[in-house]
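We will go from stop to stop, picking one thing at a time.

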Amino acid sequence: MSEAPADFAVVGSTPLARLVAGLLASVHGKRVIWIGDSHAAFRLPRGIDLSFGPMTRPESWALLSQTVPETVKLLAKAGGKASMMRLDPIFFADTPIGQQAMAFVCSSAAGFGAAIEPLPSGHLGKGRKGIVLRDALYLQRDRLEPVLDRWLEGLGVTRVPPAQVHLHIAPNGSASMELDGTVTAATRAVLADDEAILAHLPTETIARLFERRPMTTILTEPTFQLSARVMLQIDADLSFMQGSHGGVVAIGAGGHDACVSHIGVLLGANRQLRQAGGNSHESLRSHDGAPVVGSIDGTGPELLAGLGATGAFLAPALARWFVGAATQDELSYFAARIPGRATAPSIVADYAPHAALAAA
Amino acid sequence: MKGQPNRLDIDKQHAFHGTEVDRRKSLKFRLDGRTISGFAGDTVLSAILASGVDMVGEFGGQPIALSGRFSPAITLGQGKAAQTLPMQRTPALDGAEFHTFGGRLRRLRLPALGNRRRSLQQNLDHAAIASPWHDQPPHALITTDVIVVGGGVAGMTAALAAARTGASVMLLEASPLLGGSAGYFGSQEGDETPDQTISQLTAAIIATDAITVVLRSQVLAVHSGRVRAHRVLVDGATVTGEVVDLAAPRIVLATGAIERLPVFPGNRLPRVMTTLEAYLLAERYGVWLGRSAILATVHSAAYRLPMLLTDAGVATHKIADARTDPQSRFIEFSRAYGIMQAGGTIPALAAPAAKGFGLAVTLQLSFDGYAAHAEAPVPTDLLLVCGGWQPDLTLWHMAGGRSRWNAERHRIEPIGVLPQIALAGSAAGHFSKHACLLSGQDAVDRLFGAPRTPVVELTIDPAYETLDAPTPKVPRSETTEQVSYLDAGLNLIQPPDPRPSTKRSWWPFRRSEPTWSLADQPRSLGIVDVAAGVQLGGIPVESAGIVAQERTVASGDLIDAARLALLPDLRPAPPASRVPAYLVGRFGSEPRVWIVAAAEPRILPVGALIFVNSDQTDSRHAIGAVVGHEGDGAIALIGKASPQAGEGLTLRDQGRSVAIRLIEPVTTPLSGAAFSSVPSPA
């Protein structure tokens with residue numbers, strides 16, 4: 001038994017996947033099936049959602065300056081106002097190359113509404129340079145997820161847990177799903193996060209487009225107050241988020257041992273810092289450090305990868321891009337970042353710390 | 001037995017004389033200045049319990065029971081953290097002077113009057129029970145071919161199977177002897193007794209040179225082919241503890257199962273004890289608290305304990321079974337002993353008895369969602385509880401193993417495989433001794449790539465042997481002071497308090513009631529905490545495996561881990577002569593490198609953008625940027641067509657316009673430190 005095909009099957013469990021699915025259904029009137037988990041309140045995060053990121057390309061800041069207000073309105077409308085937190089994250093770097101990149105993050109953001117201030121020398125430690133980004137928006141995934149799930153349900157977006165469905169993606173990018181004996185089809189599949197891409201894209205295609213990286217998330221027991229609720233060490237690809245209990249979630253590139261040792265050195269000088277949780281997972285990074293958006297060579301499933309912390313805030317533009325309603329700026333931006341673009345050299349390359357912590 | 005009120009008499013024939021103690025050799029030691037009597041073969045914990053101390057201290061004003069899973073660390077003499085020992089793995093030594101670790105600082109100032117003699121007087125509000133060995137660096141690294149964690153029947157079988165392949169094997173067991181908990185579960189008809197099985201396996205292990213048995217060794221973590229263990233070493237009158245790392249290409253985890261604690265108010269009071277711990281204390285050390293008991297169980301094998309107790313002179317008032325009409329050979333046997341049984345009945349409340357050290361236990365009829373009024377409290381010396389069994393997957397999860405909730409069995413079970421690690425026995429989810437023995441062999445088969453051994457459960461039809469019921473859970477009532485806990489382990493996690501807020505609902509500053517989520521707890525969780533959290537709705541069923549995997553971690557000090565591991569070098573040699581990748585195409589297709597200078601003396605910062613004039617602020621319109629310094633000058637990448645030396649441009653530095661000039665194009669190689677990542681002009 002099969003039903004009429006849906007327009008989109010959006011695969012992914014991140015806020016970005018949920019927002020894209022919801023926007024396709026609500027703003028663009030598409031029939032959407034969303035294949036994703038609802039574990040955010042119970043699992044350690046694999047990523048962070050922030051309205052600013054360590055982006056060195058001005059066009060990225062320009063696009064974000066358009067889509068952040070849209071996303072905020074959308075989230076408020078969906079009932080997610082309480083899940084957004086305004087804060088002043090700190091970005092910092094230890095290495096000369098990282099500090100150079102951070103300088104370009106600052107200058108590229110100029111003119112796009114981001115108030116960035118350098119931190120006084122020595123504020124974060126000897127030899128370390130940092131900047132504070134004022135009034136950033138941070139999405140609390142554990143609070144936002146149930147809100148977006150209810151919103152999607154209200155929009156008639158069917159949610160299918162990945163563990164319960166057999167998903168097949170055809171070379172032309174269409175998808176068919178078998179759930180409890182019922183086969184459902186979708187004209188286009190959107191693989192909206194790394195987990196979805198790793199699960200459904202052929203290994204050789206992944207290797208051609210991405211670098212696979214081990215990642216580690218560590219949760220600590222309550223500890224001293226960090227300089228900011230959210231901190232990003234951009235040259236180690238390491239994010240820290242301190243929760244209301246005082247525990248710190250650290251997400252870093254690298255294997256468990258390397259990540260634990262690095263976090264320990266960063267946070268633990270002369271203090272005891274105990275682990276309360278942890279996981280290891282894999283992430284994808286494009287070969288040029290820039291986002292990967294769209295279908296491979298114009299065919300195959302739509303991919304969303306490498307968008308970093310700001311991905312969720314690009315959802316309105318991405319949804320428009322998928323339905324052919326993108327503005328000229330959006331079209332230029334995304335067209336330059338399609339999968340399979342030239343990456344050596346790449347005219348859209350962004351800073352990517354190549355000194356990520358070694359896998360253990 | 002003077003000074004040992006909780007030691008069972010041996011004037012009658014029974015199973016609880018204490019296999020490990022030599023009653024002819026009395027000993028005395030001191031703990032925090034208090035004299036403790038015991039026998040040779042006792043652990044510090046068994047001697048303390050035998051001497052009438054059954055309480056660790058108070059938490060939130062409520063007494064907390066002393067047990068093998070919840071006891072403070074001790075030191076021999078006034079030791080430091082590095083010399084701490086676990087009292088359940090430390091032998092009692094005649095004449096020794098032990099101290100609870102940190103005890104002097106955390107002692108209760110005013111313990112409840114009746115509790116002084118029975119309590120270690122720890123103030124648990126001040127600090128959690130510490131296991132300082134989790135933070136200690138390893139003393140040595142030992143390599144072997146196979147490590148087997150757990151000296152129960154599955155682990156013993158695995159060790160022998162691995163040795164038969166020619167491998168060297170280290171068998172690590174936390175307790176002072178091999179055999180695990182097989183004796184508790186008894187035997188099936190026609191099967192040899194657990195004692196016979198253990199004796200045979202022990203003899204075979206002793207006869208096998210390739211197997212090294214390390215008793216009193218608790219494994220703290222498994223990761224990347226390494227096992228970290230804390231072992232207690234006994235050398236005559238000296239006992240020390242040390243952390244060691246063991247490396248092996250193959251690891252078998254035969255970690256057994258943890259007995260669940262029914263969740264009801266008062267479930268961690270002194271004299272509330274899980275049945276396996278009570279059985280092992282009695283069987284190994286002849287220790288029993290009191291002379292009367294009530295058993296509340298969801299599991300049939302627990303019925304064996306009252307029968308064995310009757311022989312030892314301990315009366316069981318009642319067996320309350322959460323199952324409405326349980327069937328089991330053990331139940332039939334216990335009826336023959338004349339013990340009163342009540343189906344569909346769970347413990348609703350335990351409270352300290354008005355007099356003496358006993359309890360007043362309230363039972364309640366409860367089945368199919370129906371809960372009757374509680375019965376009148378019944379006095380008893382001891383409440384034995386069994387809330388079912390949870391495979392101990394703690395190390396499995398640490399090693400990266402996955403798991404999921406089994407709704408039929410009400411427990412978290414392992415799924416998938418790990419390349420170097422295999423589960424065996426109850427930890428793998430097996431039930432019968434027969435299956436546990438086979439699984440020990442099968443685990444080794446898998447690790448060595450040998451043909452697998454089929455693991456067959458010898459189970460009895462549920463019509464004759466009723467499956468375990470879910471762990472009972474009773475909410476805290478409005479009237480009781482007693483609180484409930486999710487598990488009997490180190491975490492003192494309580495379920496949500498359903499009692500309404502005392503503040504009026506219209507009170508403007510009344511805080512909204514928080515939603516209880518176990519995953520919010522800012523500490524590592526025990527696997528039983530997670531299982532209980534699932535049953536209490538604090539963790540969705542589909543998230544149980546993820547929470548268990550992510551949150552049942554080794555709770556060591558991250559800083560020590562950092563000191564142990566080599567900090568990765570985050571300062572790679574800068575690549576020579578190339579534009580940072582993120583500047584490619586940024587300033588046209590053929591940008592050139594120039595030395596630039598400000599019109600007035602100042603340093604031009606790296607990253608500052610250069611514009612044709614001061615009106616432009618949009619970073620997309622920049623024609624260049626400062627990328628480095630050389631001597632007093634700044635090095636810039638300029639994408640302007642036909643740039644001329646002396647030409648004026650504008651640089652923006654933190655929102656301010658700065659007039660600059662192009663000095664000269666760079667034609668000579670620059671020093672790497674200043675300019676290594678920018679190309680020389682073509």
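This is a predicted model.

Select residues 140–143 of chain B, which form strand 9, and residues 238–247 of chain B, which form strand 15. The two run parallel, joined by 4 bridges.

Click B:Val227 and look across: B:Leu246 in strand 15 of chain B stands opposite.

How many residues lie between the strands in the hairpin of strand 14 and strand 15 of chain B? There are 2. Select B:Gly236 in this hairpin: B:Gly236 has a positive phi near 60°.

Zoom out to the domains of chain B. Colour domain 1 (1–135), domain 2 (140–258 + 390–448) and domain 3 (587–682) separately. The C-alpha centres of domain 2 and domain 3 of chain B are 66 Å apart.

Move to chain A. Show its open sheet of 8 strands, in the order 5-6-4-13-14-15-12-16, with mixed pairing. Strand 5 (115–118) and strand 16 (275–286) of chain A are the edges; each has a single partner strand, so one side of each lacks a neighbour in the sheet. On average, neighbouring strands of this sheet are turned by 20° against each other, direction ignored.

Last stop: strand 13 (residues 230–233) and strand 14 (residues 238–242) of chain A. They run antiparallel, with 4 bridges between them. Select A:Met231 and find A:Phe240 opposite, in strand 14 of chain A.

Methods
Residues are numbered from 1 along each chain as its sequence is written. Chains are lettered from A and ligands numbered from 1 in the order in which they are written. This is a predicted model: local features need pLDDT of at least 70, side-chain atom pairs count only at pLDDT 80 or more; totals for chains, interfaces and linings use all residues. Domain bounds come from an automatic or database domain assignment. Two strands pair if DSSP finds at least two bridges between them. Axes are lines fitted to C-alpha atoms, for helices over the stretch in contact, and angles run from 0 to 180 degrees between N-to-C directions.
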